Every structure is written in structure tokens, then in C-alpha cells.
Amino acid sequence: ALIALASMTLVSVAVREMFIPKIPVLAIELTVLDRKLHSVLMAVSEEVFFRGFLTSYLIARLTAALGVIVSGVVFGLYHLAVYAHIVGALLYAVLSGIILSWVAYHSGRLSPTILAHVINNLWAG
């Protein structure tokens with residue numbers, strides 16, 4: 001069930017990246033609540049995919065340390081779409097990805113990483 005959920009999350013993100021930039025933007029501003037809800041949903045979906053699926057998958061096939069590091073780097077690369085020219089933000093995404101992967105691995109749970117990611121996204125804007 002977790003693999004199916006993570007796969008659906010990845011597919012939805014890929015579809016969004018393929019089509020959203022091509023859709024003309026309407027002159028509609030998102031409300032603060034809309035932006036906050038988006039931040040929460042993205043944090044949850046990213047954690048389910050990156051920590052729930054990818055980190056577990058990599059750890060099962062590599063060593064735990066290498067799986068955690070590779071997962072964190074992939075998480076950072078995923079954020080290139082948002083932070084392409086901001087090196088500090090990319091480094092933060094890689095480092096936070098590694099830390100969140102380590103926490104998920106050592107706790108055996110996604111709830112701490114989801115909570116941390118939600119707080120980060122809400123704090124960031």
C-alpha cells in the first residue's frame with residue numbers, strides 16, 4: 001500500500017511539473033489559507049515518497065548510511081525546480097533531506113519527518 005501511495009504521489013508531481021507551467025496563469029491570487037494548505041499537502045506527499053518509499057527502498061538495496069545520503073541528495077535535486085539559482089537553498093534542501101531520512105530510518109516512523117517538514121513549509125511561507 002505504501003509503494004502504491006508513493007508511486008501515485010510521484011506521478012502526480014511529475015504530471016504537475018509537465019503541465020502546470022504550460023497552463024496560462026489566471027489573474028487569481030491564492031488566499032493565505034490556500035497557500036498554507038498547499039504547503040502542508042506538499043510536505044506530506046514529499047515525506048511519503050522520499051522517506052516512506054525512496055529512503056526505505058535505497059536502504060534495502062544499499063547500506064543504511066548510503067541510502068540515507070542518496071535519498072537526501074535526490075530530495076535536494078527534486079527541489080531544483082524551485083531553487084534552481086539559489087545555492088544556499090539547494091544545500092539546505094539536501095541537508096534537510098539527509099536529516100529527515102536519518103530520522104525516518106532511526107525512528108521507523110514518518111510522523112516526525114512529516115511534522116518537521118510541515119512546520120518548515122509553514123514557516124517558509
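**Figure 1. Overall order of secondary structure in the predicted chain.** Along its sequence, the protein chain of this predicted model follows the pattern α-α-α-α-α-α. The secondary structure amounts to six helices and zero strands, where helices (H or I, at least four residues) and strands (E, at least two) are DSSP runs numbered from the N terminus. Of the 125 residues, 30% count as buried, a term that means under 20% relative accessible area, with exposed meaning over 50% and partly exposed in between (1.4 Å probe, protein chains only). Among contacts between residues at least 6 apart in sequence, 66% join residues at least 24 apart; contact means heavy atoms within 4.5 Å. Residues are numbered from 1 along each chain as its sequence is written, and side-chain values use heavy atoms, with hydrogens and water left out. Because the model is predicted, local features need pLDDT of at least 70 and side-chain atom pairs count only at pLDDT 80 or more, whereas totals for chains, interfaces and linings use all residues.

Figure 2. Helix H2 has 30 residues and covers residues 32-61. From its first C-alpha to its last, H2 reaches 42 Å, close to the 44 Å expected at 1.5 Å a residue; the expected span is 1.5 Å times one less than the number of residues. A kink of about 30° in H2 is centred on Leu54, the bend at a residue being the angle between axes fitted to the seven residues ending there and the seven starting there. Leu37 also belongs to H2 and, at 48% relative accessibility, counts as partly exposed. The C-alpha atom of Leu37 is separated by 9.0 Å from that of Leu122, 85 residues apart along the chain.

**Figure 3. Packing of H2 with H5.** Helix H2 and helix H5 (residues 87-107) pack at an angle of about 70°, and their axes are 10 Å apart. H2 is therefore roughly perpendicular to H5; angles of 65 to 115 degrees carry that description, while those under 35 degrees count as roughly parallel, those over 145 as roughly antiparallel and the rest as oblique. On the H2 side, the contact is made by Glu47, Arg51, Thr55 and Ile59, and on the H5 side by Gly97, Leu100, Ser101, Ala104 and Tyr105. The residues of this contact divide into four nonpolar, three polar and two charged. Here Ala, Val, Leu, Ile, Met, Phe, Trp, Tyr, Cys and Pro count as nonpolar, Asp, Glu, Lys and Arg as charged, and the others, Gly among them, as polar. Axes are lines fitted to C-alpha atoms, for helices over the stretch in contact, and angles run from 0 to 180 degrees between N-to-C directions.

Figure 4. Leu100 is located in helix H5 and is buried, with a relative accessible area of 11%. Apart from neighbours within four places in sequence, Leu100 is in contact with Glu47, Arg51, Thr113, Ala116 and His117. The C-alpha atoms of Leu100 and Gly72 are separated by 7.9 Å, although the two are 28 residues apart along the chain. Ala89 likewise lies in H5 and is buried at a relative accessible area of 18%. Between the C-alpha atoms of Ala89 and Gly76, 13 residues apart along the chain, the separation is 9.0 Å.

**Figure 5. Buried residues of helix H3.** Helix H3 (residues 64-78) has 15 residues and reaches 21 Å from its first C-alpha to its last, close to the 21 Å expected. Its buried residues are Gly67, Val68, Ser71, Gly72, Phe75 and Gly76. These residues pack against H2, helix H4 (80-83), H5 and helix H6 (111-124).

Figure 6. Thr113 has its place in helix H6 and counts as buried, at 0% relative accessibility. With neighbours within four places in sequence left aside, Thr113 is in contact with Glu47, Arg51, Leu100, Val103 and Ala104. The C-alpha atoms of Thr113 and Val48, 65 residues apart along the chain, are separated by 9.5 Å.
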